[in-house]
Amino acid sequence: MQFIDLKAQRERLGSKIDDALLKVVNHGKYIMGPEVTEFEGMLKEFSGAKNAISCSNGTDAITMPLMAKGIGRGDAVFVPSFTFAATAEVVALAGATPIFVDVDSKTFNLDDESLKAGLSLAKEEGLMAKAVIPVGLFGQPADIDAIKEISDEESMFIIDDAAQSFGGTYKGRKVGTLGDATSTSFFPAKPLGCYGDGGAVFTDDDELADIIRSIRVHGKGDHKYDNVRIGLNARLDTIQAAILIEKIKIFPDELEKRQVIASLYNNALREVVGVPNLGNDVTSAWAQYTIVAEDRSAIQEKLNNAKIPNVVYYPLPLHQQTAYRHYPIVGGKLKTCEYLAQHVMSLPMHPYLSPEDQEKVIEAFL
Ligand SMILES: *Cc1c(COP(=O)(O)O)cnc(C)c1O
């Protein structure tokens with residue numbers, strides 16, 4: 001049994017992948033070839049965002065909007081501490097200060113009360129509150145309306161880190177349209193993954209989109225050798241775009257399959273452990289199926305004995321990690337982040353998990 005089965009998907013796509021790869025290899029436009037534009041069109045259509053800008057990975061996809069907004073030294077950017085390191089790393093790289101915020105114990109996403117408390121902490125630290133990066137952890141979009149209400153008071157910019165939640169929805173709106181900018185990742189294990197590194201930024205703001213397109217290619221101006229700002233080399237490879245064109249075609253079907261599997265887990269495990277809680281009118285992309293267990297090690301032992309793959313995302317919140325320990329944290333302690341790091345674990349979750357395998361996972365709990 002696989003924790004995430006990329007081979008089954010590759011078998012399903014079969015010669016479509018072979019053909020897509022060969023086409024690029026033969027036409028030779030390896031950088032910014034026609035498949036990149038075609039895939040960006042598909043991303044726009046899928047998300048409903050006005051602009052979809054493909055890029056090198058999900059980390060650069062957060063970095064570029066920060067750079068475009070000129071966020072840097074003296075600025076505070078609020079990030080949840082219970083997330084993958086990239087969410088806070090980009091803030092520090094931009095020269096700004098990440099302020100760590102607690103998460104909600106039900107959704108595991110940015111807690112709006114903690115964010116509110118963070119505003120006064122920023123002032124105490126002498127920092128300007130400039131942006132907030134909510135994360136759609138494990139596939140569920142964060143409560144963007146509650147976050148927006150707070151961020152609007154300070155005119156803060158919202159970057160929705162949707163590396164895990166692309167494909168989810170919030171109150172009928174699709175991920176890609178929730179933040180002022182949205183970033184996602186096509187790392188192979190994400191819900192929509194390529195065969196290497198890839199990512200995208202979404203925004204309805206045309207001016208911002210133009211700046212991000214410039215940053216993506218070394219800050220280019222009207223032509224390639226007139227650079228008007230400091231940028232990055234952050235393009236998506238044509239080969240990855242060609243693969244993603246085939247994968248996004250089956251993505252809606254894969255999302256449905258993930259939902260079926262999540263519902264089955266929910267029904268079978270609800271009485272035994274803490275199963276995922278979705279907010280009102282929210283759908284998840286089910287990047288992970290993550291449970292909360294009072295006695296996690298006992299469950300890990302049961303699953304390991306039954307040879308069922310299981311992983312802890314994440315064993316340490318960022319504010320307790322060596323690289324991030326010195327940054328400010330709201331309220332001096334992030335109770336829920338610390339609790340979750342001690343008690344969560346993720347079960348096998350992918351569209352190709354067979355009913356027999358899923359039954360095995362469930363039986364291991366009983
Ligand atoms: C994977 C991930 C990223 C980074 O994406 P990469 O493509 O690996 O750079 C950022 N944020 C979150 C929440 C992620 O899960």
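**Why these labels?**

Biologist: Why is Glu 246 called buried?

Modeller: Its relative accessible area is 12%. Buried means under 20%, exposed over 50%, and partly exposed in between (1.4 Å probe, protein chains only). So Glu 246 is buried.

Biologist: What kind of model is this?

Modeller: This is a predicted model: local features need pLDDT of at least 70, side-chain atom pairs count only at pLDDT 80 or more, and totals for chains, interfaces and linings use all residues. Residues are numbered from 1 along each chain as its sequence is written, and side-chain values use heavy atoms, without hydrogens or water.

Biologist: How do you know that Lys 249 forms a salt bridge with Glu 246?

Modeller: Their closest N and O atoms are 3.2 Å apart. The rule asks for a side-chain nitrogen of Lys or Arg within 4 Å of a carboxyl oxygen of Asp or Glu. The pair therefore qualifies. Lys 249, at 51% relative accessibility, counts as exposed.

Biologist: What separates Lys 249 and Glu 246 along helix H9?

Modeller: About one helical turn, because they are three residues apart. Helices are DSSP runs (H or I, at least four residues), strands are E runs of at least two, and both are numbered from the N terminus.

Biologist: What makes Glu 113 and Lys 116 a salt bridge?

Modeller: Their closest N and O atoms are 3.9 Å apart. That is within 4 Å, so the pair counts. Glu 113 is partly exposed at 49%, and Lys 116 is partly exposed at 44%.

Biologist: How many salt bridges does the rule give?

Modeller: The count is 16. One of them joins Lys 333 and Glu 338, with closest N and O atoms 2.9 Å apart. Shared partners also join Arg 12, Asp 253 and Lys 257 into one network.

Biologist: Which residues of H3 are buried?

Modeller: Glu 35, Val 36, Phe 39, Glu 40, Leu 43, Phe 46 and Ser 47. They lie on the same side of H3, because they cover an arc of only 135 degrees around the axis (taken from the directions to the C-beta atoms). Exposed Thr 37 and Glu 45 sit on the face turned away.

Biologist: What covers the buried residues of H3?

Modeller: The cover includes H2, strand S1 (51–55) and helix H9 (238–269). Contact means heavy atoms within 4.5 Å.

Biologist: Why is Ile 31 called partly exposed?

Modeller: Its relative accessibility is 48%. Ile 31 sits in the loop between helix H2 (15–27) and helix H3 (34–47).
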